[in-house]
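Here's a quick briefing to read with the model open beside you.

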Amino acid sequence: MDPLFEISDLRKTFSSGGWLGIQSGRKTIALDAIDLEIPEGCSLGIVGESGSGKSTLARIIAGLENRDSGVLNYRGRAIDDWLRKNRKAYLRDIQFVFQDPLSSLNPRRTIRRSLLAPLEALSNLNSEERQKRLETVIEEAQLEESYLDRYPHEFSGGQAQRIAIARALMLKPKVLILDEPVSALDVSIQAEILKLLRRLRKEHGLTYLFISHDLAVVKEVCSDIVVLHDGKLVEQNPCDELLQSPKQAYTRMLVSSAYSFK
Ligand SMILES: Nc1ncnc2c1ncn2[C@@H]1O[C@H](COP(=O)(O)OP(=O)(O)OP(=O)(O)O)[C@@H](O)[C@H]1O
Ligand SMILES: [Mg+2]
């Protein structure tokens with residue numbers, strides 16, 4: 001079976017220092033010849049230190065950022081083709097959850113409006129169907145009805161992240177890209193959100209791309225891990241194997257620094 005995503009020789013550079021950077025020709029290599037296959041239904045941890053290219057990779061996969069070169073196929077078809085001919089379907093299938101839910105929810109919208117917004121933008125559902133979908137998702141994400149007419153600032157970080165996850169589910173996506181989804185939360189709240197994510201993945205057969213700098217968190221959710229270092233993919237393996245016997249020196253360093261203080 002074809003992998004869900006097929007990535008080959010993917011490259012991305014940024015001009016550093018804005019316009020002056022372009023002038024001076026200074027470049028940051030954010031992604032350097034990435035080869036990666038992501039099977040459907042897997043939960044892939046993407047780890048690496050700050051600036052290693054994790055978010056850039058995620059944004060390119062989500063169609064939010066252009067690549068410089070390389071192959072990026074989704075279900076056997078080039079992403080460019082999807083975005084040109086089936087843009088809405090692609091954007092429906094692949095949803096993002098960010099680190100800071102409060103800044104990703106519009107402060108002037110009630111939770112109800114925020115949750116319905118993706119359906120209004122990207123689905124053909126009528127208002128009765130949208131309402132039904134809303135009811136299903138608030139139950140799945142264990143939100144309370146009473147949340148719906150409140151505003152984001154009225155919620156704690158954990159509740160707001162639950163709402164952001166609910167919003168990501170509204171369009172029945174196939175893939176969730178989670179960019180440091182629990183990094184801003186207390187440990188006990190982290191555990192609740194990770195449990196919710198595990199359950200949702202199981203119930204819906206979702207594919208997760210789970211970005212984190214915290215290997216202990218990744219281990220809770222992911223079956224496989226890729227390690228990025230300076231824009232290069234340095235190691236890819238099943239989670240247990242990578243944590244128990246990391247092959248590359250950089251991964252060994254990452255694993256030993258993650259577990260040395262525990
Ligand atoms: N829009 C941009 N303009 C210029 N440089 C950028 C831009 N986005 C990312 N970069 C650079 O590309 C590199 C990779 O950045 P990226 O945000 O993907 O890293 P990351 O692994 O997600 O880091 P973090 O863990 O801090 O979120 C970094 O050197 C970053 O400074
Ligand atoms: Mg990032």
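Helices here are DSSP runs of H or I with at least four residues, strands are runs of E with at least two, and both are numbered from the N terminus.

A bit of housekeeping: this is a predicted model, so local features need pLDDT of at least 70 and side-chain atom pairs count only at pLDDT 80 or more, while totals for chains, interfaces and linings use all residues. Residues are numbered from 1 along each chain as its sequence is written, chains are lettered from A and ligands numbered from 1 in the order in which they are written, and side-chain values use heavy atoms, with hydrogens and water left out.

**The six-stranded sheet**

- Going across this open sheet, the order is β6-β7-β8-β3-β9-β10, with mixed pairing; two strands pair if DSSP finds at least two bridges between them.
- β6 (94-97) and β10 (232-238) are the edge strands, each with a single partner, so one side of each has no neighbour in the sheet.
- On average, neighbouring strands are turned by 20 degrees against each other, direction ignored; axes are lines fitted to C-alpha atoms, for helices over the stretch in contact, and angles run from 0 to 180 degrees between N-to-C directions.
- β3 (residues 43-47) and β8 (residues 207-211) run parallel and are joined by four bridges, and Ile46 sits opposite Ile211 in β8.

- β1 (residues 5-15) has eight bridges to β2 (residues 27-38), antiparallel; Leu10 has Ile34 as its bridge partner in β2.
- β1 also runs antiparallel to β4 (residues 69-74), this time with five bridges, and Ser8 stands opposite Val71 in β4.
- Lys27 belongs to β2, and its C-alpha is 4.5 Å from that of Ser15, twelve residues apart along the chain.
- Lys27 counts as exposed at 55% relative accessibility; the cut-offs are under 20% relative accessible area for buried, over 50% for exposed and partly exposed in between (1.4 Å probe, protein chains only).

- α2 (residues 54-61) packs on the six-stranded sheet, touching β3, β6, β7 (175-179), β8 and β9 (224-229), and its direction makes about 150 degrees with that of β8; contact means heavy atoms within 4.5 Å.
- Six of the eight residues in α2 are buried, namely Lys54, Thr56, Leu57, Ala58, Ile60 and Ile61.
- α12 (residues 249-259) lies across β3, β9 and β10, running at about 110 degrees to β9.

- Asp93, in α4 (residues 87-93), is buried but has no salt bridge, and the nearest side chain of opposite charge, Arg75, is 4.3 Å away; Lys and Arg count as positive and Asp and Glu as negative, with His and the chain ends not counted.
- The Asp93 side chain does make a polar contact with the Tyr74 side chain at 2.7 Å (a pair of N or O atoms within 3.5 Å; within protein, one must be able to donate a hydrogen and the other to accept it, and residues adjacent in sequence count only if both atoms are side-chain atoms).
- Asn237, in β10, is buried at a relative accessible area of 14%.
- Leaving aside neighbours within four places in sequence, Asn237 is in contact with Asp224, Ile225, Leu242 and Lys247.

**Salt bridges**

- The count is 16 salt bridges, each a side-chain nitrogen of Lys or Arg within 4 Å of a carboxyl oxygen of Asp or Glu.
- Arg59 and Glu65 pair at 3.3 Å, N to O; Arg59 is partly exposed at 31%, as is Glu65 at 21%.
- Lys85 and Asp81 pair with their closest N and O atoms 2.9 Å apart, and both lie in α3 (residues 79-85), four residues apart, about one turn of the helix.
- Arg162 and Glu192 meet at 3.5 Å, N to O; Arg162 is in α8 (residues 157-169) and Glu192 in α9 (residues 187-204), so the pair ties together parts that are 30 residues apart in sequence.
- Asp9, Arg11, Asp32 and Lys232 are linked in a salt-bridge network.
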